[in-house]
Amino acid sequence: MQGAAARFLAALIELLSSMRFAVSLLTMLAIASVIGAVVQQNEPANAYLNQFGQFWEPVFARMGLYTVYGSNWFLAILAFLVLSTTLCIIHQSVPMLREMRGFREHAREASLRLFARHANFAPALPPAARRGAVTAYLAGAGFRFRVNEREDGVLVAARQGAAGRIGYFLAHAAIVLICVGGLLDGNLPLALQIRLGGKVPTSGDQPVARIPASARLDPDTWSYHGNLYIPEGGSADFAVLGANDGILLQSLPFKVALKRFRIDYYASGMPRRYASDLVITDNDSGESFERTIEVNKPLEYRGVTLFQSGFDDGGSILRFALRDLVPSRRPPHPLDGEVGARLPLAGMGYDYTLEITGFRPINVENVAPPSDDEPFGGFFGGARPQTSENLRNLGPVFTFKLRDAAGQAREFNNYMLPLEIEGRKYLVSGVRASQSEAFHYLRIPLDGDAADTWFAIRQIFFDPERHAALARRFTERSLDAADEITLRDRLRETAENTLALFARGGLEAISDFIEKTEFTDRSATEEDRQHVGAAFIQILQGLVWDAWMSAREAAGQTALETSDGHAPFIRDTLLALADSIRYGAPLYLQLTGYKHRQATILQAARAPGKPLVYTGSFLLALGVFAMLYIRERRLFVLLKDDEALVAMSSNRKTIDTDETFAHHCAGLAAALGTASAGPEESP
Amino acid sequence: MKLASSPPSPSAPLAVRETETAPPMPSARKEWLKRRDFGDWFYALALLAAASVAFLRYGEAMDGYDTAILALHVPILAALGWAWRPFRLFAAAVAALSLAGIWLYQGDLARAEQIFFLKYLFSSQTAIAWMSAFFFIATGAYWIGLLARSGFAGRTGSVLTWAAAVMGATGLFVRWYESWLLGPEIGHIPISNLYEVFVLFSLFTALLYLFYEGRYGTRKLGAFALLVISVSVAFLLWYAFTRGAHQIQPLVPALQSYWMKIHVPANFVGYGGFALAAMAGVAYLPGLQKLFAGRLPAPEVLEDVMYKAIAIGFAFFTIATILGALWAAEAWGRYWSWDPKETFALIVWLNYAVWLHLRLTRGVRGTMLAWWAIAGLLVTTFAFLGVNLFLSGLHSYGSL
């Protein structure tokens with residue numbers, strides 16, 4: 001029974017250390033890595049549910065496909081690789097060391113003649129001088145040798161390039177080192193803390209002070225990799241680690257305070273440099289020092305490395321003018337808010353919550369698509385930079401959400417400064433109902449430099465109580481007092497109805513109206529409809545003008561002369577009025593001022609396995625080069641009375657070996673005073 | 001002298017002549033030094049002189065790293081030129097043309113349009129266009145040489161491939177200079193985006209091929225090696241014409257690092273080696289050997305090229321991956337983050353590690369190794385291009 005067990009063990013070791021097993025493991029590792037690269041790792045569960053559906057999502061989760069590199073089976077493959085490589089090294093070491101040291105000076109003549117590469121010739125030198133000539137040649141050619149004088153002649157057994165075998169040890173030991181080091185720095189220590197150390201990841205959606213001790217890790221945790229979010233003027237002494245859909249707080253042995261976060265730009269507006277001016281204070285000694293870190297320029301302190309990883313808004317204070325889009329006669333109200341804050345707007349008469357989600361003071365955009373004037377012309381000649389004429393800094397931009405009482409939110413993206421589009425200025429606001437949509441932009445035309453005009457016009461245009469007065473004003477301006485009263489009444493009525501229609505559904509409502517009402521019983525040509533449509537537009541534009549003028553009167557401004565110069569503003573105003581119906585918000589937030597505050601996102605990492613991995617990498621590079629480029633060669637010269645037999649073996653079968661053999665044969669023949677060696681066919 | 005197993009290659013490139021004068025007691029090193037001819041010494045001195053001039057003129061602007069790299073260039077380029085003599089002429093031609101281009105610019109980028117030689121020869125884009133044209137014609141020449149058994153066509157292919165390599169290298173060097181002319185903050189080594197590395201890939205693959213062409217004295221592999229280069233050049237041109245990829249962009253902060261200068265070239269020696277091995281694998285396939293009946297290089301030669309190309313590719317790819325890990329530790333905070341590009345680098349590495357092991361496994365024959373090398377190129381191509389196209393990750397600066 002014992003014999004069987006021993007045999008089984010021997011067979012198992014034989015299998016584990018075999019080349020075929022190693023090849024299979026490497027292949028499996030490669031396939032596992034493909035899975036890990038193709039399936040995005042560590043995404044939220046919802047993303048996988050969307051991607052794979054109800055049925056497969058839990059199956060794949062069970063298989064660990066979302067965290068391949070931390071999964072048990074992946075670690076098992078790595079463990080087997082380490083085991084197999086270790087066994088292989090042990091298995092090979094004894095014979096290989098013997099091989100490296102030995103010269104095989106007892107090789108028999110018959111076996112030398114069986115070598116694939118062998119040649120013989122008659123030495124011209126006298127027998128006494130032959131041995132010296134051969135050893136001198138071999139020494140000169142970089143061989144180490146041993147001479148064996150025996151009955152059938154003198155065998156000089158030589159070898160070179162034994163270091164290639166050391167390459168094998170280096171490269172394979174390196175694999176073990178790298179795997180072990182990587183394992184120490186990977187997820188394993190964290191997983192052990194959770195499984196055995198009683199640590200429980202918690203939700204990331206709560207204030208830091210409330211995070212329980214069970215979700216806090218000591219500063220002496222073996223290895224970790226987490227994020228620090230620090231606003232300007234703020235500080236942090238912990239890093240946030242993601243674990244099992246929750247977070248853990250990793251305490252650091254020091255406190256990191258951010259003085260300033262800086263972004264430098266190229267002339268084109270592309271970011272050139274991200275830098276954080278930090279103050280580090282040691283928890284134990286209380287000493288502090290300043291240091292600036294940048295991308296590619298990390299800081300290492302007390303075994304923890306801090307890296308610049310990203311940036312965010314650190315709670316900029318934004319000042320808004322809140323403009324009503326529902327009928328009201330209020331002037332814009334001021335409103336202050338911090339980025340990241342949620343402000344209930346009930347106090348202002350809106351049943352909405354304002355969530356300020358982001359702010360960027362500099363916003364470089366490509367404002368014109370590249371022209372295709374000369375698709376080939378641009379290729380030749382000197383290299384050019386991307387044309388920077390189209391890149392423009394559009395100024396501060398902020399994003400926010402308006403959430404109604406039912407919890408539905410629309411997202412907005414507003415530019416602070418008016419944008420110039422085809423020579424005219426607009427206030428621009430993007431809106432979308434969900435993240436998956438693109439923003440639809442509302443362009444509010446400026447009257448000269450004033451944004452107030454459009455809002456004032458809108459107040460009048462969409463206020464049903466003012467429709468009658470507006471229609472009257474329009475009629476009085478359009479028709480002489482001499483016109484018949486019935487005609488005036490009809491025009492006033494049409495204008496009022498048009499206003500009501502437009503307020504309900506914009507230009508679409510008007511065109512629907514034309515389709516449905518006017519021509520139900522008559523056959524009308526396309527031309528007729530266009531005429532009628534144009535008449536409606538003319539009425540609406542006239543109403544815009546009158547609304548504008550009455551707004552001016554209300555503001556104590558003088559009325560303007562009608563002229564063609566105002567036509568573009570009237571047209572833009574009407575379009576913006578129509579678009580504003582679908583804006584989906586009862587108010588417009590105009591940014592009037594801001595106090596910018598940035599935050600830096602750093603990564604803190606502790607990787608004590610790093611020296612192991614780096615040593616392994618160095619050995620690996622050395623070993624690979626040694627294995628591939630140091631050629632081990634053994635040369636045997638058997639000197640007999642009337643014959644010199646030369647044979648060569650090599651651990652690698654390449655054409656060079658044949659050439660080297662030819663080279664040494666010729667060299668030895670020359671050393672022995674022979675012009676040419678006798679032919680002998682290989683068996 | 002006839003040998004038990006003579007090399008199948010028609011030439012005997014390893015120098016045989018010095019054995020005829022069998023020195024009485026030469027040590028290996030002395031023998032190697034003795035083989036240096038006048039050209040070798042002149043070349044080495046020229047390198048030393050060039051490095052010295054560069055150091056004396058620009059040493060003030062160089063930091064320790066720059067100085068070390070400059071110093072290392074002398075022994076490395078000298079060893080390369082000594083071990084592979086045609087490289088000396090190549091280096092001289094590239095140096096002459098690049099310096100001519102830089103000199104013609106006189107610090108003014110607008111001269112690219114005005115000066116005849118810049119406009120039609122040396123400006124980076126024109127040089128790269130010449131490279132592309134030469135590679136295409138060389139491919140045709142090699143194929144004519146292969147099919148018509150024409151030695152002349154084969155030689156033409158060789159000359160054109162050398163010319164293409166010279167123009168490609170010149171184009172990259174001049175581009176480097178042009179990037180500095182765009183602005184001192186924009187200047188950077190031209191290996192920072194997909195367009196530039198495609199030029200680098202074509203260049204390295206061509207040089208590797210030319211080395212083996214000389215080493216084995218056969219031009220028959222050229223038809224295959226140049227195919228893969230032509231495909232990459234075609235991609236390069238498409239990419240430039242449709243996406244304007246040839247425009248010089250300033251470096252994003254993540255790429256502003258010493259490591260880029262060594263990580264990227266080491267990678268592309270790797271990719272070049274793997275591409276060459278795959279093409280040798282294609283020529284090795286029994287079906288093709290039968291189809292071209294005796295026109296292709298002997299299977300032993302192809303097997304040797306395949307092994308050597310993979311060996312050099314693997315060695316450099318190992319270094320490149322290690323350098324990448326060192327860089328990642330500095331830029332991303334960890335030496336290995338299982339980013340898709342990293343993971344695929346590992347897959348490529350594992351693939352060729354398997355290949356090298358398989359070669360030593362009993363019972364695995366050449367045809368299987370050839371197929372494996374061909375499949376390896378597909379994996380490599382995916383790692384090089386596909387990851388940027390289909391997977392997102394930290395290496396996003398190489399995206400299409």
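Student: Which strand of chain A has the highest mean pLDDT among the elements of that chain?
Tutor: Chain A as a whole has a mean pLDDT of 83, and 93% of its residues reach 70 or more. Among its elements, the lowest mean, 73, belongs to strand β16 (residues 364–366) of chain A. The highest, 93, belongs to strand β9 (residues 288–294) of chain A.

Student: How many contacts beyond four places in sequence does the model have for residues 677–683 of chain A?
Tutor: Over residues 370–377 of chain A the pLDDT is below 50, and that stretch has two contacts beyond near neighbours in sequence. Residues 677–683 of chain A also stay under 50. Where pLDDT is low, predicted coordinates should not be read in detail. For residues 677–683 of chain A, the count in the model is 22.

Student: In the open sheet of five strands of chain A, what is the average twist from one strand to the next?
Tutor: The strand order is β1-β26-β25-β3-β2 (chain A), with antiparallel pairing. β1 (117–121) and β2 (144–150) of chain A each pair on one side only. From one strand to the next, the twist averages 15°.

Student: Which residue is the bridge partner of A158(A) in β25(A)?
Tutor: Strand β3 (residues 153–160) of chain A and strand β25 (residues 633–639) of chain A pair in the antiparallel sense over seven bridges. In β25(A), the partner of A158(A) is L635(A).

Student: Which strands of that sheet does helix α6 of chain A touch?
Tutor: Helix α6 (residues 127–140) of chain A packs on the sheet, and its direction makes about 160° with that of β2(A). The strands touched are β2, β3 and β25 of chain A.

Student: Is A163(A) buried or partly exposed?
Tutor: A163(A) is in helix α7 (residues 163–185) of chain A. Not counting residues up to four places away in sequence, it touches A626(A) and I630(A). Buried requires under 20% relative accessible area and exposed over 50%. A163(A) is at 35%, so it counts as partly exposed.

Student: Is L160(B) buried or exposed?
Tutor: L160(B) is found in helix α9 (residues 151–182) of chain B. Leaving aside neighbours within four places in sequence, L160(B) is in contact with F134(B), I137(B) and A138(B). Its relative accessible area is 15%, so L160(B) is buried.

Student: How far apart are the C-alpha centres of domain 1 and domain 2 of chain B?
Tutor: The domain assignment of chain B gives domain 1 (38–83), domain 2 (89–240) and domain 3 (252–400). Between the C-alpha centres of domain 1 and domain 2 of chain B, the distance is 23 Å.

Note on methods
Residues numbered from 1 in each chain as written. Chains lettered and ligands numbered in written order. Predicted model: local features only at pLDDT ≥ 70, side-chain atom pairs only at ≥ 80, totals over all residues. Heavy atoms only, no water. Helix = DSSP H or I, 4+ residues; strand = E, 2+ residues; numbered from the N terminus. Buried < 20%, exposed > 50% of the residue type's maximum accessible area, 1.4 Å probe, protein only. Contact = heavy atoms within 4.5 Å. Domains from an automatic or database assignment. pLDDT = per-residue confidence, 0-100. Pairing = 2+ DSSP bridges. Axes fitted to C-alpha atoms, helices over the stretch in contact; angles between N-to-C directions.
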